[in-house]
Amino acid sequence: MSLKRIEQRRSFGGQQCKYNHYSEVLQCEMTFSIYLPSNEENKKIPLIWWLSGLTCTDDNFSQKSGFQSLANKYQVAVIIPDTSPRGEQVADDEAWDLGKGASFYINATQEPWAKNYQMYTYLTEELSDIASSLVPNFSGLESIMGHSMGGHGALMIGLKNAERYKAISAFSPILSPSRVPWGIKAFTAYLGEDQDSWKEWDASKLVKGANIPPILITQGTADDFYPNQLDETMFLENARAKDQAVEYKQEEGYDHSYFFISTFLEEHFAFHIKHLVK
């Protein structure tokens, strides 16, 4: 594996790093960022995954949210993958909500996407192995969070791997991708017309599973994409029917931006730490 560190910056006592590597799963070069806390007391360090939204890269969260102060405060590592495969040979679309930057974190089955768009396997297997090797004194405990498309990804991955992730949280997530324009477009392209094949990637279906982790969701009421793309109805109905541990909060006047995310980020970090550090 050709893992190369291409950036390292000190931040709030820890190290904000960026790496490049060739992904065998995605068949292309990939970049990701990871924050490693100071760990002056040499404690076991848990890991939080952050998945970003449409059109984003690993830079958005690391440069806009200020999460590093919280990560060092709580002594937790944070890994930020890119949002899709990259490179000239990777299939793309002219639209901003399909192709590069818009993987929806699933494993595509349709051409021309299937060769490279295997993001679910990349995150849960290949990048997971890399992450665990980079975190000193890794405790083995993980949780997952994200925003918008990344909120969908965090919920979908967390629910499909309920035994692995101790908590899931999301800002403005696409909760029912099979029923909203963004998700219908992406799922049709990546998975085909058979909507039965969509169910395993849809959080509103997966939330009906057994022994799921605790979930925190925060949605701004002034979000331009709410409720058209971010409707919560089916997800919450299915969660309540199964008596799942889901806390859904609406925050008055907040939009879809990083101003919103940074405002409520400490609440989300505290939620994760409660379940990662016993």
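How many bridges join β2 to strand β3, and which way do the two strands run? Let's take that one together. Keep in mind that what we're looking at is a predicted model.

So, find β3 at residues 28-36. Nine bridges tie it to β2, and the pair runs antiparallel. Now look at the turn. The β2 and β3 hairpin leaves four residues between the strands, and glutamine 27 there has a positive phi near 60 degrees.

Okay, other side of β2. Strand β1 covers residues 4-11, and seven bridges join it to β2, again with the strands antiparallel. Here the pair to look for is glutamine 8, which stands opposite cysteine 17 in β2. In this hairpin there are two residues between the strands, and phenylalanine 12 takes a positive phi near 50 degrees.

What about β2 itself, is it mostly covered or mostly open? Mostly covered: β2 spans residues 14-23, and seven of those ten residues are buried. While you're looking at strands, here's a handy general point: in a regular strand, side chains alternate between the two faces of the sheet.

Last stop, the surface. There's a patch of positive charge there, where Arg179, Lys205, Lys208 and Lys242 gather. Let's zoom in on arginine 179. You'll find it in the loop that links β7 (165-171) with α5 (181-191). Why do we call arginine 179 exposed? Because its relative accessible area is 53%, and exposed means over 50%.

Methods. Residues are numbered from 1 along each chain as its sequence is written. This is a predicted model: local features need pLDDT of at least 70, side-chain atom pairs count only at pLDDT 80 or more; totals for chains, interfaces and linings use all residues. Side-chain values use heavy atoms; hydrogens and water are left out. Patches are made of residues with over 30% relative accessible area and no salt bridge: like charges are joined within 9 Å, nonpolar side chains (Val, Leu, Ile, Met, Phe, Trp, Tyr) within 5 Å. Accessible areas come from the Shrake-Rupley method with a 1.4 Å probe; for residues, only the protein chains shown count as cover. A salt bridge is a side-chain nitrogen of Lys or Arg within 4 Å of a carboxyl oxygen of Asp or Glu. Lys and Arg count as positive and Asp and Glu as negative; His and the chain ends are not counted. The place of a charge is taken as NZ of Lys, CZ of Arg, CG of Asp or CD of Glu. Buried means under 20% relative accessible area, exposed over 50%, partly exposed in between (1.4 Å probe, protein chains only). Two strands pair if DSSP finds at least two bridges between them.
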